[in-house]
Each structure stands twice: as C-alpha cells, then as structure tokens.
Amino acid sequence: MTHTLSAKHTDAPPATRRRLTVSPRARSIVEKLVGAGIVLWGAATAAFLAQVALPGDRATTILNVRSGQTQLRTPEELAPINAEYGLQDPVLVQYLDYLGGLLRGDLGISYQQHRPVWGIISEQVGATLALTAVTLVLAWVIMVFWVTLTAGRGPRIRAFGSGVDTVTAGLPPYWLGILLLLVFALGLGWFPVIGGTGVNGIVLPALTLAIPLAGFMGQATRTEFERSLDAPFVLTARMRGMGDVGIRLRHVLRHAVLPAVTLSGWAIGATISGAVIVESLFTRPGIGSVLITAVDSQDLPVVTGVVVLVAATYVVANLLVDLAYTLIDPRMKNS
Amino acid sequence: MTILDLNAKHIADLSAKRPVRLSVENLNVGFERNGSLRPVVKNVSFDLEAGQCVAIVGESGSGKSVTARTLVGLTGANAVVDAGSIRLGDDDLTALSSKRWRSIRGRRIGFILQDALVSLDPLRPVGKEIEEALALHGWGNRASRKRKVLDLLASVGVPSPRNRARQRPDELSGGLRQRALIASALALDPEIVIADEPTTALDVTVQAQVLLLLEEMKQRGVSIILISHDLSVVAHLADQILVMSGGEVVEQGTAHQILTDPQHPYTRSLINAVPSRKTRGSRLAPAPAAAPVHTAAHANDEHASFDGPVLEASGLVKHFTAPDGSRTTAVDDVSFTLGRGETLGIVGESGSGKSTTARIALALEEADAGTVRLLGQDWSAVPETRRRRLRKQISVVYQDPLSSFDPRWNTERILLDSLPAGAFTTAASKRERVLALLAQVGLPDTVLHRFPLQLSGGQRQRVAIARALAPSPSIVVLDEAVSALDVSIQAQILDLLVDLQKQFGLSYLFISHDLGVISHLSDRVLVMKDGAVVESGTADQVFTAPAHPYTQELLGALPSLDEHRAVSLWPGAASVHSATEGSTP
Amino acid sequence: MTDLRQQAVATAPVRRHVSAGFVASAITLGLFVVAAVAPNALTPHDPFAMDFTQALQSPSLVHWFGTDESGRDLFSRVIYGTRESLAIGAGAAGLAILVALVLGSVAALAGRIPAGIVNRVIEVLFAFPTLLLALLLVSILGSSPLTLVIAVGLGSAPGYARMVRGQVLSSKNSGYVEAARALGHSRSTILRQHILPNALRPLIAIFTMGVGQSIVWASGMAFIGLGVAPPSPEWGALLDAGRAYITQASWLTVLPGFVIVVLALAATTLGKHIQSFLEKGEKA
C-alpha cells in the first residue's frame, strides 16, 4: 500500500518528472544486485567491527593466541605484530584495508596459524559444501514426498503428517545425529562411525541436517499445499475429471513449493553453520573443526572469514532462489 | 469457427423432441460434524432438458452451490448425499465409483466457476489448462489436442488464439480469461454445463459478454444449470427457475412465472429487493418490525451554520508508481461538488479510480494535484494536524467492515472510540450516545459485547454505519458499502441509509460498481472510466439519456428483471468486444 | 464463493486433539518450571555425590537415567540443570525479542531514511545464520553462561525482527488503522490503541517458541565445547561431558538430549496454540 501514517507522500513523484525508461525486469535485476551488494558490504563491515571489538590490546591478544599463553607483552614484542596487522593505523584506514583485501580475496591472516585465512578455509570448505549440497537435496526429496503424501488427507493423517513436521523441525542436530550414529553405525553397522569423505560417510551427517530442515520447510509447504487444494483452480481441475494424484503433482505442488523455495536461500546458510555441529559429531573434515578451534582460541580473522564466506554464499543462494522463484511463478512479484 | 460446428450433434437433439438430459429427484445433502448431521440441501427435484437452462437462485447459504457440486460428485468431505435418483441420460449417478465420476466430469458435464483469475491455474498458460481437459479423457494425440485448443478458443470468441493460449490468466483481460475458462469446460463437448456464479466477479460489460456466450451455447443445444444469487442475471437465460433458501426450494417454476408472478413471499422479497432506477424513493425490504427510531439531535453546529456545497473537489489527479517503476494515473482531473443532504453517486468498473477519488475526498490519500474543500474550508491542502478538527464532519463506511474493525475490540469499544473527543464527558453520557447510535442503525443492545467476528455481515455493516454516524458528520462516504452483502440484506441497509439521510440531512458520496444501487440512491451521478469522469449529471439524465458511449454501454450491459427474454443484451456486443479486447498490459 | 467458504468451514476436520496438545504441553512446561524452582523436590539422589563404584550404570529403577563416569545420578543432574538451562533459554529469547522489537518497530514505523537503514541492518544480520552469529559473539566475548545468553539472543534476533516488522506493517496498513485515521485519531493514539497491541500480541507465542529454540542452540554450542562447560549440570554441559562415552554409555548424551527435545517440543506446541488462539481472535 502506498499510504503511510505520515501524511506526506514521498514515493509519488511530481507529475512533471521525467523517468529513465528501464524495463521492469532490468530494473528489478539491478535492484536485486544492489541489495546483494549492500548485504555483502554490511557483512564485511560487521566482520571488521567484530575484530575491532575484541577486548584488550589486539597485538597482545594475537601474541597470546599464537603462543597459547596469557601474559603481558613488552613493546618490543608487540611492535612487529602491530606493523604486520597495521594495528597502529587509524581504524578507518584499517577498515578500508580490510575491505580492499576482501575485494582481492584476502580474508586476513590467522592469529594462531600465522598464515592466510583463505588458505586455511579453502582446504576444508569443499567437504562442507558437499555436505550442504547433499543435505539440501535430501531435505527437498523428503519434504516433497512427505507433504504430497499426507497433506490434505483425512483429519487423522493430516494431524499425523503435520505432527511429524513439527517434531522433526525441532530436533536438535546433535541429538538426531547421535541417534542415527547409534542405530545405523554402531548398531546396524551400515555406515562408518567416523565419517570419511566417501559416499558412505556422507549419508548420516547429511540425514542429520536434512531431516530437521525437511520438517521446517515442510511446515510452510504443507500450509500452502492445503490452501492450494482448496483453491478454485483445483476445483476446476477436478471438475474436468482430474484425479487426486494428478491434482497434487501437476497443480498443487507447484504452488506449494514456493515458500520452501524462498526459504532455501536462508537454509543454505543455516546448513553450513549447522554443519559445524554435525562435522564435530561425525568427526568429518570441513570448516566445522576450523571454526570451533578458532572460536575457542579467539582467532577472529578465521571466524570472520567463515562468517563473510557464509554471508556471501547466502547472497548468491538468494539470487539463485529469486531466479528459481520466477521460473516457477512467472507472475510479476509485487512484494 | 463457432460453437455450431463443435456441437453438431446437439443440433440434432434440438430438432427432435427435447429429451430429459438430467433428472434429479429428492436430493438431500448434509454435512456431518461432531457426529451430528447438518442438512444443507433438502428435497431438491428438477428435470433438465436438452438445450434448456435451469437456474438455481438463492442467497449465500441457500444450498445452491452444494446442489451443483453434488451433481458432479464433488460435494466435499464429510458430506452425506441421499437422493431418490439422479439420472444422467440412462446412467444412475447415485452410486458411482470415483473412477466413473472422473469419466463423467469434463466429458459429459462441464463446470464453470466464477472468476477465471483464480479458477484457472494462475501459474500455467490457459492453453495448457484446456489441453489438460482433452488429455485427461484421452482425446486425440498431442498435435491434434494443440489444434483443438485453438479451435475451442476461437469458438468462444477469443481473438488470435495462438497467442492467447500461451498466456496466463493474469495476462488476459477479465473477459478473455472467462472465455478461456468456458472453453476448458466445453473442450469435450459435454451435454450439460453447470455454471456456478459465472459472472459474479466480473465487470458489468464483461458479464454481458459471458451471458451472451452462455445463451449461444444453449442455442446450440447444450443444457445449462446456472447458479446465481442474482435473479436479473438468470432472467435472460433460464427456462426454469428454482428459488432456494435455507437448503429448501421455496419456489420452482418457469422463468416467466417466477419473474412475473412470484407466489412465495421470499421470491417476492428477492425481486423487490433488487435496487434500480425505478425503485428510487421506495423501500426495498419489507418494513422492519420496529418503527425507525427518531432520536435526538445530530449536534453539528458547524454544519448547521454553513451554507453551500459541503464538499468541493476540483482538478484531482493521482498517480501511482508500481514496484516495477511503471506509473499509472489512477485519478485524472476529477472535479465534483456535493450539496447538503444530497447523494452523489460515483459509478465505474474496477480500476476506474472511483475508490481512490473517495480516499482523496477523505484526505486519506494525498492528491498529486487539485484541491478538496470541506464545508468551505481548506481540507486537502492543510497538514493533518489542522485537518483533525474537521475530521468529524466526514466519515466513511467500507465494503468490508470486518477488516475495518480492530479484532480485539467489541462493538461497545468500537463505538465508544468513535465518539468525538470532548463531546461526551461522563461515562453515562457516552453510554447513552452509544445506545442511541445502535438504535438508529436498528441493532439491539445485545450486540454491544460481541466482537466483529461474532456478528453477521449485515450487523457488521450496521455497526460500521453507527461508527460513521457517531461524530455527527455532515458527509458520509460509502465506498462499495453494500457490495458484499446478499441482496435482501443489501435492501435493508439501503433502506436504512435513506432513512438516516432524511433524519439527519446527511450528504452521501456513494461509490459503487453497481448501476442498480447507484441509480436507486443517487441524486446526481459521476461515471468514471480509467481515472477520468466521462459523464456527469442528474441521475435521471444519466440513466435515461446517457450521452457518453461508455455510459450507454454500461447501461446496455446491465441485466434487469424487466427486459426478461430480451433477444440480445446489446446488438453486436460480443463481436465488437472480442475484437477490441486485447491482453492486459 | 460464500457457499464455498461455508462448506469449507463445515467440512473442516474436527479439532478435538487441539486442547489435548495444549494441556499436555502446558503440563510439561509446568513440570520444567517446578524443576527449575525446586529441584530438590523431584530428585531421588544428590546430583553432585560421586560414587565411582556406581560409575556408568545404565538406566535402571534406581538410577532412571543411569549414572555418569563419576557415578553421579544423571536424572538428578538433569533436574538440577533445568534452572540454568531454562534461564539461558528464557534470557536469550527475551533478549532476542527485545532487540527484534526495537529493530522491527523502527523498520516498520520510522521515516523513510531511518527505516531504510534499519531494514538493511536486519537484512545484513539475517544473512548470518543464528549459530554462526552466536559463535562470532562467543569468540569476541569468551564463553560463559552470560555470553551464551547474549550470543544466542542476538543470534536469533534478526529472524524475530523480520517477524515483528511484518506484524507491525500489516497492522499499520490494516483497515482498522485507516478507519481510525478517518475518525481523526492522532498518530500516537493509533499507535497506542491499535498498532502496538495488535503487533505485540503474537510475541507471546513467539517468545514461548523462542525459549525452546534458544535452549536447543545453547546446548548445541555446549555440545561443541563452546557453551557452559562441565561439570555444571546445565543440559548442554551434560551433553558435552557425555560425548566422550558415546559408545559405552550412550544414555549420557541421548537422555539429556531427549529432555531438551521434549522441552523444545512442548514450548513449540504451546506457542503454536497461543498463536492460533490469537489468530482466531475473540471468536470464542
């Protein structure tokens, strides 16, 4: 709506103003890219502020993190560190240096390992991304199957279906992971206890993350699924002789997945960070162990490096999600 | 390509004596809930002959739609259907498997719902929807189905079907997408078409086109069951009419008999309730049990001392910018005056800018150009803080009262809140005023502690009117205020509005898409199209001697009870329109 | 259309299980509150008494949840851990909603420029997953129960801020606010009488669900060694301590985890019931 509480209207341009003629499509693409850029810049800024906000003298902290001790340092010890990290520069200069570094793909230097953060992360990120991708696919398959099967049936099946959604959506990954580990790895011996990088090793970690995600997306999908089942166009399809299976698969599902598509961008970020717990539980390689060590030792460049990368992944994923959305729903989005 | 070619076999039917296509005997439907059965359709019987039209008319909750859906086996979950017999040709429909039902739906009985925007899958091209009907019943192969879709679209008057078939409902105009919906119902050449409120959401000119198309279908021998809340819509088409109320058929007979000599009081009240130019000055609803309450003063000194037009708008312009950056002109140089005690009707189809005009008059929307003066004082051009003092002079009633009430508040709180600040100081005087307001709108005290959701549609609109009266205004803006109501409730509210205007000397700015309502109530009329006023004048002028072609078109498209069995709604209508109508931008 | 709606109402499933779910979740949460307030009333054993002869006993009638590596009764430890876990959960959820309320209200109600800025801030924060944001805060502040509250609270705030913004916006653009404007009510009156009450009511439901979610996050952080540390009986710390024995004594992680799941589920269920009750309004 265009009206606001304030009486003034700033969004209605005067009648005489000439407007650059841009096609709505191009305009919305440009707006999306600008929005993505702002989010990235904001994420980078937040990451920088986090490093500055570290309490105490940073050079001292860096030395302590590096040596694993906590002690006061002499100015002689601190000088090379201050020079290396540019800690004597004004904050604004440090900020611009940091942003400039990010643009060149430089995420900073680890306090602890004294080498580029990007190097540390890039060694491990592949395994985490593989886990994320498998998780997302599994979650979608489980969710679509379960919702299509149970939504809009009799009251009992409906309640059961949505009850399963609620329960699984709330399952903490560590607990679900332990159960899967106990049953399928230790009990039945179908999968390795310590997840390697092999195909077999990825199943349990991916399921651990996928089941709650499927439940979470399933809640949104189910609501939309049942709304669509009651929609007049579905009634029309029935009236022309379409059966229930056809209606669910050919008409309703397409409408119902839209909210889950929207959630998927967010879900990718959440899955990457959820992977931290799961990788730790299944002792899988990935950025999980890097991150845990870094948080524990206050190795902030590594932590913020992961944060910036996840934010970037989120931004890219959301652009893809927008694309997928317009493919499924070609109507102009009036959000 | 016309329907004629597609329905050749029905013509053969026509030339022979009319066989009974569908026969319904003692149909009862109920819904089971918490173990008890709530009957919604009781003892409905009728015969539908080839090329005939049976109309089922009733208000919401009358059971007309449930009856229609039962005839295709889609009554709904928890429904209990009990029928003496339902025969489609030689087939008994009372005990069919779901597979048999599917072979009947679409192939032997087509079904048309209201508003193709939501009745066709909004994410798919209309051509795919029509093709689906063919494919479901194994008609032809992929290539022949594609050709058939184009033939079907052409036969219902869709120009350049090749392009239209690829568009989605939201890319087509209201008329074209309704035609596409009808084409999908006709795809397999069904003997019977059930049309459930097929024109309800449509503008009056589009409604006329759709009715003409149904008429054409009927002449080609298709039997039609037409469901509507509007007697005037069915008047042209129906051979037989069933009037339903509370699940029962209260009256049943030939269309001529029902429309000219109704026997049942309900039918009569339904016919009398339809507002039109001819009903102006007369009451629409049967007199209420209690006499209208004449309560004391509508205390309004400012109004009493002012002499001149209470509302003056000149040169109003309003543009809107869509999220994609495109701009539309919603209101384009609109001027009007509203005199004391007068009703100015603004009529137009959807998107004509009439509601935006009303919002500017209420100063809820800022105009890009032009001014509004209220009781001779600056109104649109001053800041809201200065307007606030004058706000009590102009109030508003919306189409949907439910959304205009805070769901947390009961009637009492709503009305107390609407009393002008400072006018009533003691709790007792406030309460007295609230009770007086209730009495004025004909509501019992018992609604005081009810919440909006607990009131009926008519009661809610009365509360909305009471709220509008509370500040003792000079002007009430009625924005589609009776459009969502059943015709009998609408009649009561219209009567109430007339009474209140007489009693308090109110001026009404009455916004509606419904020409009948406008002509019943208005002294003067503005006709709007695409944001501009195309014609204005006294109601008599505009409705008896319309000068502008658009007004003529609107009036021509208006179905009415009087011209029962008109040969055509307006000459050449369908062809003119299908040619000019393109896709919406 | 009206017919269709009435039909839909008529055919809506009988929802008798609704009240059962409500009662069950309310009772469950009530028991947790009792455990937090008066843990000694519910515990059969001293949660801190070590007895190495009883180490790593599997669940039995004597030790319902078994014993840990020091022979302490796990059930009693879970009961005693309730207070801290619940406090962390409620504190984090409360903080999250407070922050969300400020951000969301400004984003929905402030002038174009401040609202635009806050909107961007919310979008930027939303790009950080809850757990990651919480880990970032822990790495700055170090790990302690208080930083856990702050980390989880701020970590989950962006999501709630979006919800609050949506609520306030829909209330602000509602028909009843327009009706109040037409009646000549002032901005502040409308804000006080309509927008805030309608926008804030759902927060009760969101808070209830948030408590459960926050406990899940906090215990997840403890599980990877970045939350409350053993030997505290806080649930996350119990999980952390039990991890080492996952192959010999799986109950040490499975049962505290189960308790967390039960609490989270009860909180979600109760929250959903409150929500649907509020949505139905005073329909009675």
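The model is predicted, so here local features need pLDDT of at least 70 and side-chain atom pairs count only at pLDDT 80 or more, while totals for chains, interfaces and linings use all residues. Residues are numbered from 1 along each chain as its sequence is written, with chains lettered from A and ligands numbered from 1 in the order in which they are written.

**The sheet in chain B**

- Four strands of chain B make an open sheet in the order β12-β11-β14-β15, with antiparallel pairing; helices (H or I, at least four residues) and strands (E, at least two) are DSSP runs, numbered from the N terminus.
- Two strands count as paired if DSSP finds at least two bridges between them.
- At the edges sit β12 (327-338) and β15 of chain B, each pairing on one side only.
- β11(B) and β12(B) run antiparallel and are joined by nine bridges; B:Val317 stands opposite B:Asp332 in β12(B).
- On to the next pair: strand β11 (residues 311-321) of chain B is linked by five bridges to the antiparallel strand β14 (residues 369-374) of chain B.
- B:Arg373 in β14(B) is the bridge partner of B:Glu312, and B:Arg373 also stands opposite B:Asp378 in β15(B).
- β14(B) pairs with strand β15 (residues 377-378) of chain B over two bridges, again in the antiparallel sense.
- Those two strands, β14(B) and β15(B), form a hairpin with two residues between them, and B:Leu375 in the turn has a positive phi of about 50°.
- Helix α15 (residues 354-361) of chain B lies across β11, β12 and β14 of chain B, at about 120° to β11(B); axes are lines fitted to C-alpha atoms, for helices over the stretch in contact, and angles run from 0 to 180 degrees between N-to-C directions.

**Domains of chain B**

- Chain B is split into domain 1 (17-108 + 193-199 + 224-273), domain 2 (310-393 + 474-489 + 506-559) and domain 3 (405-472), with bounds from an automatic or database domain assignment.
- Taken over C-alpha atoms, the centres of domain 1 and domain 2 of chain B are 39 Å apart.
- Ten residues of domain 1 of chain B are in contact with four residues of domain 2 of chain B; contact means that C-beta atoms, placed from the backbone, lie within 7 Å.
- On the domain 1 side of chain B that touches domain 2 of chain B, α11 (231-235) and α13 (265-272) each supply at least two residues, and the largest share, three residues, comes from α11(B).

**Where chain A meets chain C**

- Chain A puts 46 residues into the contact and chain C puts in 42 residues.
- Two or more residues on the chain A side come from each of α1 (24-53), α6 (155-169), α7 (173-187), α11 (258-281), α12 and α13 (300-328) of chain A.
- By class, that chain A side has 34 nonpolar, nine polar and three charged residues; Ala, Val, Leu, Ile, Met, Phe, Trp, Tyr, Cys and Pro count as nonpolar, Asp, Glu, Lys and Arg as charged, and the others, Gly among them, as polar.
- Helix α12 (residues 287-296) of chain A and helix α5 (residues 130-141) of chain C have axes that come within 8 Å and cross at roughly 30°.
- A:Leu291, A:Ala294 and A:Val295 in α12(A) meet C:Leu135, C:Val138 and C:Ser139 in α5(C), a set with five nonpolar, one polar and no charged residues.

Key. Contact = placed C-beta atoms within 7 Å.
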